[in-house]
Amino acid sequence: ALFTAWSDKLTGEEVCQLKDYLVKEWGRTKAITEPTDFGSMCSGTDIPAAVCEQWWLWAGQWTGQDFEYKHRFSSELDAKKRAFINVMHPNVGHIFGNVKDLSHRSGEAWDLKRRDLVRVPVCRILAAGFPCLDVSGLNPHSRTLRNRQCISQVALRTGGVFSGIVEYIKAMICRRSPPEVMIFENVLGLKNPPRDDPNGPSNLDIVGLMLSGLGYRLHAWHLSPRMFGVPQCRQRVWTTAIRTSNMEGVLADFLESSEILAELMSRITGFPESKLVKYLVNSRSRAHIKFLETVAARRQLQKKRYAAASVKQQVGRTIEKKRDIAVQKKWKTAFKAAVKKYPYLDTLTTRKRALMCTIGVSAFPEKQIRVVDISQNKARTNLVSGYVPCITPKGEKYLTDRCRPLLGVEALRLQGMWLELGNPKIHDMSDSLLRDLAGNAFEQSCFAAVLWCTLVFYAKMHHRRTAAGMQPRTPIYLPDPMLEKCEDDDDVRTEVLGGGHDQGNSSVVSQHKTD
């Protein structure tokens, strides 16, 4: 539905350009023999794979062309995420663990799905995330110099994983099969400069510099699902890496590419927001019944722990509750009365109850659906109406009209993955696991928007190059130092930061600051 709506916003000339580009550069023709392979790194639930599959199905119907799509590989370090991907994406060719394994000198990596050593696959579309905890505003250490320079220093998990992604791209360039479309996602903190140097480069600037040395130009957007009609506020930095070789000779300068991409994105934002209730399950659903069973088990466990606690511990807990002056007596009475009908309330800690009282939860249940993240403190949360705050791992979003938290299947729906509630494949997956998976996942509508803008941009460049009598599909730009040392296993960071054109590097940094 999104792709159809977005295609209506193209001009007649742009429609012809996009169809011509897709057929000639991605269709199954004699000139194009490779399939439209997709690969992902640290994408969580691999929602981008589902988006790409839907995209090529839609593009096939739209153009009348047969597109061959293959979900070539996924790479996830977390075993639970790998298990989820294996279950929900049975057609994935390979599942790898550490991203760094994909750039080994041998060109091979251990496939955890096939339990065998395989040649690292290439892909034309790459969706890659890297850990956000080190640069997230929720991390008290994110303002330190080490965290703000973790990409350039290849430090912490954020810098280490991104370095692995860069090494994979380098390895594919050496094999003359680099990704044509690369999309990245991370938190807004990636744009923050070092604390002691406000004018210094941010982690996002360094990402642009490193990719510039590989022949790509990075463009960044500040996006949220609410811009595309999804009732979730998830503000993120979304970036696309454009091959500079496709722009040379047809653009006055690389800044023009940013203007085109920004204009394309502005056309497709502003969708009417859907009702939140559309994403919620009813009280008779299997997911809700399973949740109630979990709550009952949790209450029994709490009672056993309290009974087994020492007298001193019990007295301490009683004093803690009596000292809870933030919770008004009238509010406590209403809360206790609601516990009988809504047992989940009885599992809430004193801190969470005090937060709900002070933040303005007035009844149990409320007539209007409002949401508050009770896993955060008062300074980091607020009570919102009609939408859900950013879904995060370990987050707990309380729904005031249902007196329960947002369930895992609901969180996944808000991220764009609609699971069949009767699916036996997810029957053994706990609600907390599904919520954590949703919190670590790419969001569907934002990824689809970035993919759309990237391909429409490439179509424009393809048309300009063809009109100018230039080769429409250019080889990847290969910096001289890399060409000479493709088989070396030296320090990637030093080589990449030293490669590329100086003009391209400086334009990347300035563009991020204007974005």
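Modeller: **Rings and charges**

The side chain of Arg-124 lies over the face of Trp-26, at 3.8 Å from the ring centre. A charge is taken to sit over a ring if NZ of Lys or CZ of Arg is within 6 Å of the ring centre and within 35 degrees of the ring normal. Arg-226 provides a further example, with its charged end over the ring of Tyr-387, 3.7 Å from the centre.

The model is predicted, with residues numbered from 1 along each chain as its sequence is written, and local features need pLDDT of at least 70. Side-chain atom pairs count only at pLDDT 80 or more, totals for chains, interfaces and linings use all residues, and side-chain values use heavy atoms, leaving out hydrogens and water.

Trp-26 also belongs to a cluster linked by ring pairs, together with Phe-3, Trp-6, Trp-55, Trp-56, Trp-58, Trp-62, Phe-67, Phe-228 and Trp-452. Rings of Phe, Tyr and Trp (its six-membered ring) pair if their centres lie within 6.5 Å; planes under 30 degrees apart are stacked, over 60 edge-to-face, and the rest tilted. By this rule there are 28 aromatic pairs. One of them joins Trp-6 and Phe-228 edge-to-face, at 6.1 Å centre to centre and 65 degrees between the planes. Trp-6 lies in helix H1 (residues 2-7) and Phe-228 in the loop between strands S8 (216-223) and S9 (236-243), so this pair ties together parts that are 222 residues apart in sequence. Helices (H or I, at least four residues) and strands (E, at least two) are DSSP runs, numbered from the N terminus. Buried means under 20% relative accessible area, exposed over 50% and partly exposed in between, with a 1.4 Å probe and protein chains only.

Charged side chains also meet one another. The whole structure contains 20 salt bridges, each a side-chain nitrogen of Lys or Arg within 4 Å of a carboxyl oxygen of Asp or Glu. In helix H2 (residues 12-26), Asp-20 and Lys-24 stand four residues apart, about one turn of the helix. An α-helix has 3.6 residues a turn, so residues three or four places apart point the same way. The side chains of Asp-20 and Lys-24 form a salt bridge of 3.2 Å, N to O; Asp-20 is partly exposed at 29%, as is Lys-24 at 43%. In the bridge between Asp-111 and Arg-114, the closest N and O atoms are 3.8 Å apart. Here Asp-111 is buried at 0%, whereas Arg-114 is exposed at 52%. Salt bridges also link Glu-14, Glu-263, Arg-267 and Lys-460 in a network.

Of the contacts (heavy atoms within 4.5 Å) between residues at least 6 apart in sequence, 71% join residues at least 24 apart.
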